[in-house]
Amino acid sequence: MTNQSENRQQTLSQLIKIAHQFQPRAKINEIKQHGSGNINSTYLVIAEQPFILQRLNTKVFCQPKLVMDNICILSEHVQEAIKELNLEPNQGWLMPKVLLTQYQQHHYLGEDGSFWRGISYVENSLSFDTIQNLHHAQEVGFGLGMFHRLLDNLPVESLADTLVGFHITPQYLKQYQQVFGESEFTASREIQYCTQFISDRPKLPYVLEAAKGSGKLKLRIIHGDPKINNIMIDRSSHKAVAMIDLDTVKPGLIHYDIGDCLRSGCNPLGEETEDWSEVYFEPKLAAAILKGYLNVARDFLTPEDYDYIFDSIRLLAFELGLRFFTDYLAGNVYFSVSHSEHNLARALVQFKLTESIEQQEVTIKKIINSLR
Ligand code: GN1
Ligand code: MG
């Protein structure tokens, strides 16, 4: 994958040197690229105590120290909250730990100014890019619900806003309009489909921000990026045991999370499929994810929260399509891509998914109402 802002490859010896900042005496057997993130560079360091080494994309996260402060505050809160919940041993839940450097820093600055961190590896666990079965779907929902529950009493002021405008769809729309106005693309059939798709839905971008503005939905601490491959599943128990990728943990609406988790989990072809015309939203998976979510989240949801679940699913799929399409028009400056049309293909997937959500509105709303 390449990204114009992150195209410097580290050599193995550089990586080993950086990894030693977090585990000075470790005998490192191997360091390999890990996961399928679109923003940061992620490596798995294989040593006696394996850990995740990440280089933060500081073009996206321009206040990386604040990102790490947030994760440390969150981590401390969650460790305490887990103890208070008194979970049964087979219901284990864990919080990945931030590794400190030998100078007790939560990050390491490379000689070239690159920003690195070490995070403990959730052992004996797996994550998937698409839902494997209904049990997996329910566990994904449970994982997000557990995360929200553990953070429910962390005051929103405790964490900084490290990514201003994140999930504020009206702002993405403005950016799109600006980039589109300046771009010189000859409108292919796909580009026309995308521009038409956006202009056909003039009210949609405002739905959650309006509910927030009128006080119907309240700010809470959210994960920000709960796509299914960020929910770790234990290899033996097949239960969700942790949520990873905590850069976007900050104040927001839990609906950003609910919508993002469902747009990611209920798309059986996955967000990277080339077969965009075949993409659909599977309501059976939505029912299972929501059931798992509500098993833990029911106590802290208000009637208004339920009222906006459908809108959040539709909006978050649309929003990601809008973000991918804008980045395509802007020349692929935000999301890593492996070819120049990659972000256009991704946008088409999300718009197709939005269309399928819209076509099944009655069915999806029935599912939500039956779980109230
Ligand atoms: C980005 O880098 P990754 O894959 O964790 C993006 C998310 C998108 C996701 C789509 C900070 O997450 O918002 O939903 O790609 N993260 C940021 O795959 O923009
Ligand atoms: Mg992420």
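For these entries I take helices, of at least four residues, as DSSP runs numbered from the N terminus. The model I am reading is predicted.

**Entry 1. Helix 12**

I looked up Glu361 and Lys365 and found both in helix 12, four residues apart, which is about one turn of the helix. Their side chains meet in a salt bridge, with 2.6 Å from N to O. I then checked accessibility. Glu361 is partly exposed at 31%, and Lys365 is partly exposed at 35%. I also noted a network: Arg201, Arg314 and Glu358 are joined by salt bridges that share partners.

**Entry 2. Other salt bridges**

I searched the whole structure and got 15 salt bridges. I picked out Asp247 and Arg117, whose side chains meet at 2.6 Å, N to O. Asp247 sits in the loop between strand 10 and strand 11 and Arg117 in strand 6 (residues 115-120), so this pair ties together parts 130 residues apart in sequence. Are these two buried or exposed? Asp247 is buried, with a relative accessible area of 2%. Arg117 is buried as well, at 1%.

Next I took Asp307 and Arg372, which form a salt bridge at 3.0 Å, N to O. The pair links distant parts of the chain, 65 residues apart: Asp307 belongs to helix 9 (residues 303-307), and Arg372 to the segment after helix 12 (361-370). Asp307 has a relative accessibility of 43% and counts as partly exposed. Arg372 is partly exposed too, at 42%.

As a reminder to myself, side chains of opposite charge can pair when their charged atoms come close.

**Entry 3. Magnesium site**

Which residues coordinate the magnesium ion (ligand 2)? I find Asp225 (OD) and Asp245 (OD), at 1.9 to 2.0 Å. Asp225 lies in the loop between strand 8 (220-222) and strand 9 (231-234), and Asp245 in the loop between strand 10 (240-243) and strand 11 (250-252), so the pair ties together parts that are 20 residues apart in sequence. I looked up the accessibility of Asp245 and got 24%, which is partly exposed. I keep in mind that water is not among the atoms, so sites may look incomplete.

**Entry 4. The sheet 7-9-10**

I traced an open sheet of three strands in the order 7-9-10, with antiparallel pairing. Strand 7 and strand 10 are the edge strands, each pairing on one side only. Helix 3 (residues 134-151) packs on this sheet and touches strand 9 and strand 10; its direction makes about 50° with that of strand 10.

I then went through the pairings. Strand 7 (residues 125-126) runs antiparallel to strand 9 and is joined to it by two bridges. In this pairing Leu126 stands opposite Ile233 of strand 9. Strand 9 pairs with strand 10 over three bridges, again antiparallel. Here Met232 stands opposite Ala242 of strand 10. Strand 9 and strand 10 also form a hairpin with five residues between them. His238, in the turn of that hairpin, has a positive phi of about 60°.

Which residues of strand 9 are buried on each face? On one side I list Ile231 and Ile233, and on the other Met232 and Asp234; both faces are covered. In a regular strand the side chains alternate between the two faces of the sheet.

**Entry 5. Nonpolar cores**

I looked up the largest nonpolar core and found 102 residues. Leu262, Phe281, Tyr293 and Phe325 have the most contacts inside this core. Helix 10 (residues 309-330) supplies the largest share, 13 residues. A second, separate core has 15 residues, including Ile18, Leu53, Tyr108 and Trp116.

I listed the contacts of Phe281, leaving aside neighbours within four places in sequence. Phe281 is in contact with Leu262, Cys266, Ala286, Ile313, Leu353, Ser356, Ile357, Gln360 and Ile364.

**Entry 6. Gln21**

Where is Gln21 placed? I find Gln21 in helix 1 (residues 12-22). Gln21 counts as buried because its relative accessibility is 12%, and the cut-off for buried is under 20%. Not counting residues up to four places away in sequence, Gln21 touches Leu100, Thr101, Gln102 and Tyr108.

Conventions
Residues are numbered from 1 along each chain as its sequence is written. Chains are lettered from A and ligands numbered from 1 in the order in which they are written. This is a predicted model: local features need pLDDT of at least 70, side-chain atom pairs count only at pLDDT 80 or more; totals for chains, interfaces and linings use all residues. Side-chain values use heavy atoms; hydrogens and water are left out. Donors are N, O and S atoms within 2.8 Å of the metal (3.2 Å for Na, K and Ca); water is not among the atoms, so sites may look incomplete. Buried means under 20% relative accessible area, exposed over 50%, partly exposed in between (1.4 Å probe, protein chains only). A nonpolar core is a set of buried Ala, Val, Leu, Ile, Met, Phe, Trp, Tyr and Cys residues joined through side-chain atoms within 4.5 Å. Contact means heavy atoms within 4.5 Å. Two strands pair if DSSP finds at least two bridges between them. A salt bridge is a side-chain nitrogen of Lys or Arg within 4 Å of a carboxyl oxygen of Asp or Glu. Axes are lines fitted to C-alpha atoms, for helices over the stretch in contact, and angles run from 0 to 180 degrees between N-to-C directions.
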